[in-house]
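Good morning, and thank you for coming.

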Amino acid sequence: MKKTYKIEVDCANCAAKMEEAAGKVSGVEKATVSYMTQKMQVTFAEGAQPHTVMQEVLAACKKVEDDCEIFGI
């Protein structure tokens, strides 16, 4: 399952770090962040609970960019 989330991030380098952090979360098959469009596309692993996984993605992203926001979780 693939879903796109609106994000708030203030630099392209931070977006790349958020992408890397999100990709390491259990239940995420792939995460792609676009700084230009302010969106994160997440593909969930089979059987993953998207809401729970996205809460963990947000926590992981806040470790690299503490003022980031992900909307629509």
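Let me begin with a definition: a residue counts as buried when its relative accessible area is under 20%, as exposed when that area is over 50%, and as partly exposed in between. Please keep in mind throughout that the model before you is predicted.

The structure has 1 disulfide. Its partners are Cys11 and Cys14, whose sulfur atoms lie 2.4 Å apart. The link between Cys11 and Cys14 is right-handed, with 85° about the S-S bond. How accessible is Cys11? Cys11 has a relative accessibility of 23%, and therefore counts as partly exposed. Cys14, by contrast, has a relative accessible area of 11%, so Cys14 is buried.

Two further cysteines deserve attention. A disulfide requires the two sulfur atoms to be within 2.5 Å. Cys68 accordingly takes part in no disulfide.

I now move to the charged side chains. In general, side chains of opposite charge can pair when their charged atoms come close. How many salt bridges does a search of the whole structure find? The search finds 2.

Lys24 counts as exposed, because its relative accessibility is 66%.

Another salt bridge joins Glu69 to Lys62, and here the closest N and O atoms are 3.6 Å apart. Glu69 has 31% relative accessibility and so counts as partly exposed. Lys62 is partly exposed too, with a relative accessible area of 28%.

Finally, I come to charge on the surface. Which residues gather in a patch of negative charge there? They are Glu8, Asp10, Asp66 and Asp67. Asp67 sits in the loop that runs between helix H2 (50-64) and strand S4 (69-71). With a relative accessibility of 42%, Asp67 counts as partly exposed.

To close, let me return to the cysteines: Cys11 and Cys14 form a disulfide, whereas Cys68 is in none. Thank you for your attention.

Definitions and conventions: Residues numbered from 1 in each chain as written. Predicted model: local features only at pLDDT ≥ 70, side-chain atom pairs only at ≥ 80, totals over all residues. Heavy atoms only, no water. Patch = residues over 30% accessible without salt bridge, like charges linked within 9 Å, V, L, I, M, F, W, Y side chains within 5 Å. Areas by Shrake-Rupley, 256 points an atom, 1.4 Å probe, with all protein chains shown as cover. Salt bridge = Lys/Arg side-chain N within 4 Å of Asp/Glu carboxyl O. Lys, Arg positive; Asp, Glu negative; His and termini not counted. Charge placed at Lys NZ, Arg CZ, Asp CG, Glu CD. Helix = DSSP H or I, 4+ residues; strand = E, 2+ residues; numbered from the N terminus. Buried < 20%, exposed > 50% of the residue type's maximum accessible area, 1.4 Å probe, protein only.
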